[in-house]
Amino acid sequence: MPALLLILGDQLSTALPAVSAIAKGTDTVLMAEVKGESTHVPSHKQRTVLFLSAMRHFARTLTKVGHTLRYITLDAPANTHTIVGELGRAASALRPSHIVLTRPGEHRLRTAIEKWSRTSGVPIEMHEDTSFFTTRDQFHAWAQGRQALTMEYFYREQRKRLNALMEPDGKPLGGEWNYDAENRLAFKQDPLVPQPLRFPPDAITREVMKTVERELPNLPGRLDTFDWPATEADASAAWKDFLRIRLHNFGPYEDAMWSGQPWLYHAQISPAMNLKLIDARDMLHDVLAAAKAGKAPLQSVEGFVRQIIGWREFIRGVYEREGPDYESRNALNHTGNLPEFYWTADTDMNCMRECIGQVLDHGYGHHIQRLMVTGNFALIAGVHPKKVSDWYLGMYVDAVDWVTLPNTLGMSQHADGGVVGTKPYAASANYIGKMSNYCKGCRYDPKQRTGETACPFNTLYWDFMIRHRDRFAKNQRMSMMMKNVDRISKPEITQITKDGKRLKHKFGIE
């Protein structure tokens, strides 16, 4: 009996071993557009369209090279709108000997498919996802016996193992492992950044957009601005455009923010990477070649290399190692609601309006906007970490669970108790004011921490520190902040606590 290959929406590469494991013309490929993957957390319209458009384009590629395809569209009359539902329908119709698939990157889907296999009696043949530099076993071996999983140490091992930016004597190129300290420049005036290559929707994408608007009309976000690369060719063109015009300044300004400038010098290539439309190995080769040819400074190249062989691989390793229960962790015992303005950008805080408005418009925000603005606010306000991570999973076009959960629940919300980060990424208005122009013209005063006109980031930051003083008293990286807390007078502590409660009530957090 023939086999059935299940391809999920973030596994769009013919280079994956599971694709090679089936026979063209004999076995069948199953791909399914299901509402469940856009509604288990509310998914941004652009995220949904990107997944479905990329799937349809990839399906055409599979057909052209001779594969037999069973493709279920979102509006198919018999669609069950779950992956396991469509797997069951296909198995009943085709009677395959077994199911072939690439290991899903999300615990939820992998668990559901394995449960279906046990119940149905149809065996599964699960292949590893080879699009990463590091296997799960390699990460587990590195992590074994360590008291803390420090990304910097993992990154250095990656550099050595992959011979990336290394001297022949085993030392890092340029003498330093990390140039992060040099990559914190802010813009002093409106930056004149070359605009990235964009990709107006083709006929397939336009059809997907119509279907999504009809079948899933209540999803958040705008769709009329959609222009993401949805094919391998477009992803390659977007990557080459970044190498040519923005890599040079990527490093120095990678933490900077500016009103009305969503892209700046960032690559915006993570959506294509996470869907497997572009291979990280090719990207590493290209960026190292740019460094060797002197087309970009070391600080920019190292900053990018750290993201794709260091942080990305580390986060995926943490997700796999910590397992399905990771999502339920709440080390700080935060219980607040996510404010309504995360869905509307209707807020009088200029920084939050800018960053959330950008997400609603494009499904995008770079790492500092995510970590130090929207994530920082949720952290210091005491929002439940699962509600925050669910928002990040649904609202960004590059979001898949293995990326989003450790980055949000772990790094941003410190809800894992220090697995990803040794300290919480909490900050006052001072950081935002230093790295952006968001504070200019805002109705709140970034210098005040109490009172009606005080910036909420200041009030909530100090309220957070006061609430968690005992918890962080022994954290060496927090010692200076704790000393500052101890210098606050009792009357001001009382006022900060009172104002913190007022703000949380105003924003609907508690």
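Is Asp390 buried, partly exposed or exposed? At 24% relative accessibility, Asp390 counts as partly exposed. The scale works like this: buried means under 20% relative accessible area, exposed means over 50%, and partly exposed is in between, with a 1.4 Å probe and protein chains only.

A word on the model comes next. This is a predicted model, in which local features need pLDDT of at least 70, side-chain atom pairs count only at pLDDT 80 or more, and totals for chains, interfaces and linings use all residues. Residues are numbered from 1 along each chain as its sequence is written, and side-chain values use heavy atoms, with hydrogens and water left out.

Back to Asp390. Asp390 forms a salt bridge with Lys386, and the closest N and O atoms are 2.8 Å apart. A salt bridge here is a side-chain nitrogen of Lys or Arg within 4 Å of a carboxyl oxygen of Asp or Glu. By this rule the count comes to 34 salt bridges. Lys386 is partly exposed too, at 23% relative accessibility. Both residues sit in helix 17 (residues 385-395), 4 residues apart, about one turn of the helix. Helices (H or I, at least four residues) and strands (E, at least two) are DSSP runs, numbered from the N terminus.

Now look at helix 13. Glu302 and Arg306 meet there in a salt bridge of 2.8 Å, N to O. They are 4 residues apart in helix 13, so about one helical turn separates them. Glu302 is buried, and Arg306 is buried as well.

Another salt bridge links two helices. Asp486 pairs with Arg469, with the closest N and O atoms 2.7 Å apart. Asp486 lies in helix 22 (residues 479-486) and Arg469 in helix 21 (residues 469-472), so the pair ties together parts that are 17 residues apart in sequence. Asp486 is partly exposed at 46% relative accessible area. Arg469 is partly exposed at 27%. Elsewhere, salt bridges that share partners join Lys35, Asp75, Arg214 and Glu215 into one network.

What does a buried charge do without a salt bridge? Glu313 is such a case: the nearest side chain of opposite charge, Arg312, is 4.3 Å away. For charge, Lys and Arg count as positive and Asp and Glu as negative, while His and the chain ends are not counted. Glu313 belongs to helix 13 (residues 298-322). The Glu313 side chain reaches the backbone nitrogen of Thr134 at 2.8 Å.

Next, two backbone angles. Most residues other than glycine have a negative phi. Gln268 has a positive phi, near 50°. Gln268 is in the loop between helix 10 (247-250) and helix 11 (270-275), and it is buried, with a relative accessible area of 9%. Ala345 has a positive phi as well, near 65°. Ala345 is found in the loop between helix 14 (341-344) and helix 15. At 10% relative accessibility, Ala345 counts as buried.

On a 1 Å grid over the protein atoms alone, a cavity is a set of points where a 1.4 Å probe fits but cannot get out; a pocket is an open set with protein on both sides within 12 Å along at least five of seven lines; lining residues have an atom within 4 Å of a point. Grid points are joined across faces, edges and corners, and a volume is the space filled by probe spheres set on the points.

The structure holds 6 cavities of 30 Å³ or more. The largest cavity has about 380 Å³ of space. It is lined by 26 residues, and the closest to its centre are Gly9, Glu37, Arg47, Phe51 and Leu109. Helix 3 gives the most to this lining, with 5 residues.

The second largest cavity has a volume of about 90 Å³. Of its 13 lining residues, the closest to the centre are Cys351, Cys439, Cys442, Cys455 and Phe457.

The second largest pocket has about 540 Å³ of space. Its lining has 29 residues, and Glu232, Lys276, Leu277, Ile278 and Asp279 are the closest to its centre. Helix 3 gives the most to the lining of this pocket, with 6 residues.

How values were computed
A polar contact is a pair of N or O atoms within 3.5 Å; within protein, one must be able to donate a hydrogen and the other to accept it, and residues adjacent in sequence count only if both atoms are side-chain atoms.
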